[in-house]
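Good morning, and thank you for coming.

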Amino acid sequence: MERTSKENYYLDIAQTVSERSTCLRKHFGAIIVKNDIIISTGYNGTPRGRKNCSDINYCMRDELNIPRGERYELCRSVHAEANAIIAASREQMLGATLYMSCIDAKTGELVPNTCSCMMCKRQVINAGIEKVVVRETAETYTVYNVSDWIENDDSLSGKFGY
């Protein structure tokens, strides 16, 4: 039996965390790891105390046919990365790695080619996280160095989505 790589071990956990998502579009799960210790977890869902999209069966962005990565001010959810960052202290996050997985809520399939939105990138940068690892398939993933997000500031590009 071949041992699971450390990256896929943490991505498996992030994918399990995504099962708590209340979004009708995509189920994201994120975990922050430092020195092989899980610092925090987060999934996308409505703020505490508000009704979940999955409970009211309504998504404003779906109703308005808004593409992924755009017009997040209309989304009722807090993103997985943001929820994981909220749950940890900055000291714990300095130099840490954030692992993220995304499942399509309608098909149950992994969603490749996802990444943090511009808002979450800013939060990841300020949290002091060093790397973001995003699951592409059950075995493959993409590693993003957060320093590249600082150097290549996509907020100046005029492009929307991801």
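Two strands are said to pair if DSSP finds at least two bridges between them. Helices (H or I, at least four residues) and strands (E, at least two) are DSSP runs, numbered from the N terminus. The model is a predicted one: local features need pLDDT of at least 70, side-chain atom pairs count only at pLDDT 80 or more, and totals for chains, interfaces and linings use all residues. Residues are numbered from 1 along each chain as its sequence is written, and side-chain values use heavy atoms, with hydrogens and water left out.

Let us begin with the strands. β4 and strand β5, residues 141-145, pair in the antiparallel sense over five bridges, and Lys131 stands opposite Asn145 in β5. The two strands form a hairpin, with five residues between them.

With β3, the pairing of β4 is parallel, over four bridges. Here Met100 is the residue opposite Val134 in β4. From β3 the chain crosses through α6 to β4, and this β-α-β crossover is right-handed; that is, with the strands pointing away from the viewer, the path from the first strand over the helix to the second runs clockwise.

Is β4 enclosed or open? Four of its five residues are buried, so β4 is largely enclosed by the rest of the structure. Buried means under 20% relative accessible area, exposed over 50%, and partly exposed in between, with a 1.4 Å probe and protein chains only.

I turn now to the helix. In α6, residues 118-127, the buried residues are Cys120, Lys121, Val124 and Ala127. They cover an arc of only 125° around the axis, which puts them on the same side of α6; the arc is that of the directions from the helix axis to the C-beta atoms. Their packing partners are α4 (80-86), α5 (90-93), β3 (97-104), β4 (131-135) and α7 (146-151), where contact means heavy atoms within 4.5 Å. Just after α6, Gly128 takes a positive phi of about 85°.

Lys121 leads us to an aromatic ring. Its charged end sits over the ring of Trp149, 5.2 Å from the centre. The criterion is NZ of Lys or CZ of Arg within 6 Å of the ring centre and within 35 degrees of the ring normal. Trp149 is buried, with a relative accessible area of 10%, whereas Tyr144, at 23%, counts as partly exposed.

Thank you for your attention.
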